[in-house]
Amino acid sequence: MRAHKLIEHPSDVGIEAHGQALAEAFEEAADGMMEIIAERSAVQSDVERTIELAADDIEQLLVKWLSELLYLYDGEHFLPSVIRIDELTETRLRATIAGEMFDAARHVPLLDIKAVTYHQLNVDRERHIVRVFLDV
């Protein structure tokens, strides 16, 4: 079963996500973050992109993964509607995302996220649960 929930925090927003496998938990964390950023019901899957990342460990990989999605939204105004992890190891991630460029006439921004943090970051490999906090 896949799912994510928001965690209340005085100055940040947290996401706890889980799945049948760790890759699904990474997908759910990404979906949770994007749902915080913008209303995605009107987003179409017109453009597909591949993301490939490497890191020293799985925790750093989670932060880099979410930071890359945040950059695509903030820096390139790309809003994904579909997020799929194709490969996940302790140090590498390959994903496919599909979406479109942000259009203020059709898309509703919700909350600005400044950064993905290492504060209380946790990756539970056995239970396929990730926890991450976002600086808002």
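Buried residues, meaning those under 20% relative accessible area, make up 44% of the 136 residues in the protein chain. The model is predicted: local features need pLDDT of at least 70, side-chain atom pairs count only at pLDDT 80 or more, and totals for chains, interfaces and linings use all residues. Residues are numbered from 1 along each chain as its sequence is written, and side-chain values use heavy atoms, with hydrogens and water left out.

**Overall fold**

- The protein chain contains two helices and ten strands; helices (H or I, at least four residues) and strands (E, at least two) are DSSP runs, numbered from the N terminus.
- In sequence order the elements follow the pattern β-β-α-β-β-α-β-β-β-β-β-β.
- The radius of gyration of the protein chain is 14 Å, close to the 14 Å that the globule rule gives for 136 residues, so the chain is as compact as a globular protein of that length.
- That radius is taken over C-alpha atoms, and the globule rule is 2.2 Å times the number of residues to the power 0.38.
- The C-alpha trace spans about 45 × 35 × 30 Å along its principal axes.
- Of the contacts in the protein chain with a separation of 6 or more, 65% are between residues 24 or more positions apart; contact means heavy atoms within 4.5 Å.

**Surface and charge**

- The accessible surface of the protein chain comes to about 6,900 Å², and carbon and sulfur atoms hold 48% of it; areas come from the Shrake-Rupley method with a 1.4 Å probe, and for residues only the protein chains shown count as cover.
- There are 13 positive and 27 negative side chains in the protein chain, and the centres of the two sets lie 2 Å apart.
- Lys and Arg count as positive and Asp and Glu as negative, while His and the chain ends are not counted.
- The place of a charge is taken as NZ of Lys, CZ of Arg, CG of Asp or CD of Glu.

**Aromatic pair**

- The structure holds one aromatic pair.
- Y73 and F102 form this pair, which is edge-to-face, with 6.0 Å centre to centre and 90° between the planes.
- Y73 lies in helix α2 (residues 58–74) and F102 in the loop between β6 (92–101) and β7 (108–109), so the pair ties together parts that are 29 residues apart in sequence.
- Rings of Phe, Tyr and Trp (its six-membered ring) pair if their centres lie within 6.5 Å; planes under 30 degrees apart count as stacked, over 60 as edge-to-face and the rest as tilted.
- Y73 is buried, at a relative accessible area of 10%, whereas F102 is partly exposed at 24%.

- F78 is found in strand β5 and counts as buried at 1% relative accessibility.
- Leaving aside neighbours within four places in sequence, F78 is in contact with V47, R49, L72, Y73, I97, A98, G99, E100 and M101.
- F78 and E48 are 30 residues apart in sequence, and their C-alpha atoms are 11 Å apart in space.
- L88 also belongs to strand β5 (residues 78–88), and L88 counts as partly exposed at 22% relative accessibility.
- Not counting residues up to four places away in sequence, L88 touches L22, A23, F26, I58, L61 and L93.
- G99 is in strand β6 and is buried, with a relative accessible area of 0%.
- Residues up to four places away in sequence aside, G99 touches V43, Q44, S45, D46, V47, F78, L79, P80 and S81.
- G99 and R131 are 32 residues apart along the chain, and their C-alpha atoms are separated by 25 Å.

**Strand β2**

- E16 sits in strand β2 (residues 12–18) and is buried, with a relative accessible area of 18%.
- Beyond its neighbours within four places in sequence, E16 is in contact with A3, H4, K5, I7, I129, V130 and R131.
- E16 and L121 are 105 residues apart in sequence and 9.9 Å apart in space, C-alpha to C-alpha.

- H77, in the loop between α2 and β5, has a positive phi near 60° and is partly exposed at 46% relative accessibility.
- Q120, in the loop between β8 (115–116) and β9 (122–124), has a positive phi of about 55° although it is not a glycine.
- Q120 is partly exposed, with a relative accessible area of 43%.

Note on methods. Buried < 20%, exposed > 50% of the residue type's maximum accessible area, 1.4 Å probe, protein only.
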